[in-house]
Amino acid sequence: KGHSDAVRSVAWSPNGRRLLSGSQDGVTHLWESNSSNQSGWEVVATLQEIQCTFTADNAIESVHYAGRDITSHVSGNLQDWELDKSVTVSAIPGAYLVVSTRNDEPESCRTGGFMMLCSNGLSTASGWEAVGSPDPLTQEQRAGNGTGWTA
């Protein structure tokens, strides 16, 4: 149980009993010293990087992941609906990616569009929850709790 591609970075804990290894496979492993293991090391946690590419009619206002504003980490022009935007996050079990968009066109709820495709296989066609509201997002909604949405 290790990496499937070249390891590009390693960081040791101050006590020397743990290390992080990052690989070109998009995975970061946390290893602990384990004398019962043949190699002397055991993977105790794995972090996976997920890249999501998206676009929306008309503009992206903000992007939140696991309750944190990550808008500044999004690459691409947030005001140009024709061009893709992308962001890379570390997978956190139970975390939501919340993309807040704006469309000022009349009847935009019927004509607006949103597309997302992520490197872990999730896409707008695979069960993403999409909701619309004329009101700004609340802190709770940005955290991905999903309560209080109006359609």
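**Working chat: strands, core and surface**

Colleague: In the hairpin of E1 and E2, which residue takes a positive phi?

Modeller: Gly16 does, with phi near 75 degrees, in a hairpin that has five residues between its strands. Helices (H or I, at least four residues) and strands (E, at least two) are DSSP runs, numbered from the N terminus. Bear in mind that this is a predicted model: local features need pLDDT of at least 70 and side-chain atom pairs count only at pLDDT 80 or more, while totals for chains, interfaces and linings use all residues. Residues are numbered from 1 along each chain as its sequence is written, and side-chain values use heavy atoms, with hydrogens and water left out.

Colleague: OK. In what sense do E1 and E2 pair, and over how many bridges?

Modeller: Antiparallel, over five bridges, with E2 covering residues 18-23. Pairing here means that DSSP finds at least two bridges between the two strands. Ser9, for instance, stands opposite Gly22 in E2.

Colleague: And which strand is joined to E2 by five bridges?

Modeller: That's E3 (residues 27-33), which runs antiparallel to E2. Leu19 has Trp31 as its bridge partner in E3. E2 and E3 form a hairpin too, with three residues between them, and Gly26 in the turn has a positive phi of about 80 degrees.

Colleague: Where is there a positive phi in a residue other than glycine?

Modeller: At Ala66, where phi is near 55 degrees. Ala66 is in the loop between E5 and E6.

Colleague: Is Ala66 buried, partly exposed or exposed?

Modeller: Partly exposed, because its relative accessible area is 35%. Buried means under 20%, exposed means over 50%, and partly exposed is in between (1.4 Å probe, protein chains only).

Colleague: Back to E1. What does Ala11 touch?

Modeller: Ala11 is in E1. Leaving out residues up to four places away in sequence, Ala11 touches Arg18, Leu19 and Leu20. A contact means heavy atoms within 4.5 Å. Ala11 is at 41% relative accessibility, so it counts as partly exposed.

Colleague: How far is Ala11 from Leu30?

Modeller: They are 9.6 Å apart, C-alpha to C-alpha, and 19 residues apart in sequence.

Colleague: How many salt bridges does the structure hold?

Modeller: One. The side chains of Glu32 and Arg18 meet there at 2.8 Å, N to O. This pair links distant parts of the chain, with Glu32 in E3 and Arg18 in E2, 14 residues apart. The criterion is a side-chain nitrogen of Lys or Arg within 4 Å of a carboxyl oxygen of Asp or Glu.

Colleague: And how exposed is Glu32?

Modeller: Glu32 is partly exposed, at 26% relative accessible area. Arg18 is partly exposed as well, at 41%.

Colleague: New topic: which residues touch the most other members of the largest nonpolar core?

Modeller: Phe54, Ile60, Val63, Ile70, Leu97, Val99 and Met116, out of 16 residues. The elements giving two or more residues are E4 (41-56), E5 (59-65), E7 (85-90), E8 (97-102) and E9 (114-118). The largest share, four residues, comes from E4. A core is a set of buried Ala, Val, Leu, Ile, Met, Phe, Trp, Tyr and Cys residues joined through side-chain atoms within 4.5 Å.

Colleague: What does Val99 touch?

Modeller: Phe54, Ile60, Ser62, Val63, Phe114 and Met116, not counting residues up to four places away in sequence. Val99 is also the bridge partner of Val63 in E8, and six bridges join E5 to E8 in antiparallel fashion.

Colleague: What's the strand order in that open sheet?

Modeller: E6-E5-E8, three strands with antiparallel pairing. E6 (68-69) and E8 are the edge strands, each pairing on one side only.

Colleague: Last one: how many helices and strands does the protein have?

Modeller: Two helices and nine strands, running β-β-β-β-β-β-β-β-α-β-α from the N terminus on. Buried residues make up 27% of the 151 residues.
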